[in-house]
Amino acid sequence: MLKVLTVSEVLDIFKNAKEVDNEKVDINNALGRVLSEDVVSRENLPGFKRSSVDGYALISNDTYLCSESMPAMLKNKGSIVIGERPEYSINEGECVYIPTGAMLPDGADAVAMIEDCEELGDEVLVNKPASRWENVVFEDDDVKAGEVVIKKGTVIEDRHIAVLAGLGVTNINVKRKVKATVISTGDELISPYEERQIPKVRDINGYFLTAALIKDGCDAKYKGISKDNEEELFELVDKSLEESDIVFISGGSSAGNRDFTINIMERLGEVLFHGIAIKPGKPTLMAKVGEKFIVGLPGHPLSCAVVYRFIMSELIDRMLGRIRTDNSLILKMGENYHKAKGREEYLPVKIEGGFAYPIYAKSSAISVMAKCDGFIKIERDLEGIVNEQEVKIMR
Ligand SMILES: Nc1nc2c(c(=O)[nH]1)N[C@H]1C(S)=C(S)[C@@H](COP(=O)(O)OP(=O)(O)OC[C@H]3O[C@@H](n4cnc5c(N)ncnc54)[C@H](O)[C@@H]3O)O[C@H]1N2
Ligand code: MOO
């Protein structure tokens, strides 16, 4: 008897998954890792008042009402060197040349752009009034000391690396990678490196899952193809559990006479469910072995991909404490779509002219993965979506 759960019941089970431990990585190895604590700035950024333009640092009052026909005439004290503390301080009637990014000298409260000034011997003529703090960046304009700059759970992207470098945070607290093993099962499977042998089929899921797990920040190992032989698969899963937090088995998940995954799960641990009310991907199963998991995914490639992408990646999120950024898109449907009640459905769609169109595909098809621009989720109790209805496209 299959123990079929709804998607929300499955997600509830994931809430009990334990987060992996923390580790430290160098900024050069931080890309794609999940922050295990908030990054709190120890300091203000930029940390000093600086000019945002090339020009002359001066006292704004000295340029009051000046114009091209009546420029303000200021004494030029010289030049400030970028990266050095200014040797000069500015008094009434004085100015000093300052390059973009250099430290504002004491006394100055504005910078006039070089385009609005003319050097005339020892003097500088300023043709346009500068208002107080014009072209000046304050000590804490960018970041204030004590501020949370990047939140715990964030996946570190290149843009975060920029911020970490700016803050001088080079040793970063992250979650260790989730260790995952991928096993494909089926006597009919051959490696994509092998010569084609009809009616054998190339292993798609092993490659897909390994790539998807790596993309999700796991240390994923592909263990190849196991024959439809319970003992062979048992040995492989048992051994893989020693070195993994989670073992993914593709194929053999439904109820046929060569579907051993359930037996292996019963022998090794506690089966959590056998079946999710979802289309495609119903024959998905999962077991717990101590703090580790075995997941059995449907053999049909589209089903396997949908279950990983929309269900199992949530488990990985839990284990990594990851906050996923929402990159979904809201668009209108370009036609009606009918669905049967009772299962939550993930429908592949193509975007054309700003509308979403369903792609009709059997779960044994794989080309849809190259053709679709994303998936829409249709709730369990709905019977479809009508033309022009707004839908959320998950990518
Ligand atoms: N009597 C029933 N038959 C089936 C049911 C059912 O409820 N009762 N469910 C169907 C659904 S839905 C799916 S999905 C599949 C899932 O089957 P399994 O997970 O047991 O997978 P297999 O039988 O091993 O394979 C199904 C199909 O997928 C191909 N396959 C398997 N692994 C791979 C791989 N790594 N790469 C590419 N293709 C793969 C395999 O050759 C089969 O064609 O069961 C339905 N049947
Ligand atoms: O659930 Mo199957 O995965 O519908 O094709």
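## The shell around ligand 2

In this predicted model, the residues that form the shell around ligand 2 divide into two nonpolar, four polar and two charged. They are Pro280, Gly281, Lys282, Pro283, His300, Ser303, Arg343 and Ser363. As for its location, ligand 2 sits in the second largest pocket.

Several of these residues bring polar atoms to the oxygen atoms of ligand 2. In the side chain of Ser363, an N or O atom is 2.3 Å from an oxygen atom of the ligand, and a polar backbone atom of Gly281 is 2.6 Å from an oxygen atom of ligand 2. His300 takes part through its side chain, where a polar atom lies 3.4 Å from an oxygen atom of ligand 2.

## Ligand 1 and its neighbours

Which residues are the closest to ligand 1? Among the 22 residues that surround ligand 1, the closest are Glu188, Asp203, Ile204, Ser253 and Gly299. The side chain of Asp203 has a polar atom 2.7 Å from a nitrogen atom of ligand 1, whereas Gly299 uses its backbone, with an N or O atom 2.9 Å from an oxygen atom of the ligand.

## An annotated span

The UniProt record, in an unreviewed entry, lists residues 181–318 under "domain: MoaB/Mog". In the model, this span is 36% helix and 30% strand, and its end C-alpha atoms lie 18 Å apart.

## Salt bridges

How many salt bridges does the model contain? The count comes to 18 salt bridges, and one of the pairs is formed by Glu19 and Lys175, whose closest N and O atoms are 3.0 Å apart. This pair links distant parts of the chain, since its two residues are 156 residues apart: Glu19 belongs to the loop between α1 (7–14) and β1 (22–26), and Lys175 belongs to strand β12 (residues 171–175).

## Backbone details in loops

The bond from Leu45 to Pro46 is cis, with omega near 5°, and Pro46 has its place in the loop between β2 (39–40) and β3 (50–51). The bond from Ile198 to Pro199 is likewise cis, with omega near 10°, and Pro199 is found in the loop between β14 (189–190) and β15 (201–202).

Another backbone feature concerns Asn135, which has a positive phi of about 60° although this residue is not a glycine.

Definitions and conventions:
Residues numbered from 1 in each chain as written. Chains lettered and ligands numbered in written order. Predicted model: local features only at pLDDT ≥ 70, side-chain atom pairs only at ≥ 80, totals over all residues. Heavy atoms only, no water. Near = heavy atom within 4 Å. Polar contact = N/O pair within 3.5 Å; in protein donor to acceptor, adjacent residues only side chain to side chain. 1 Å grid on protein atoms, 1.4 Å probe; cavity = no way out; pocket = protein on both sides within 12 Å on 5 of 7 lines; lining within 4 Å. Sits in = over half its atoms within 2 Å of the grid points. Nonpolar A, V, L, I, M, F, W, Y, C, P; charged D, E, K, R; others polar. UniProt positions renumbered as here; feature names shortened; annotations may be inferred. Helix = DSSP H or I, 4+ residues; strand = E, 2+ residues; numbered from the N terminus. Salt bridge = Lys/Arg side-chain N within 4 Å of Asp/Glu carboxyl O.
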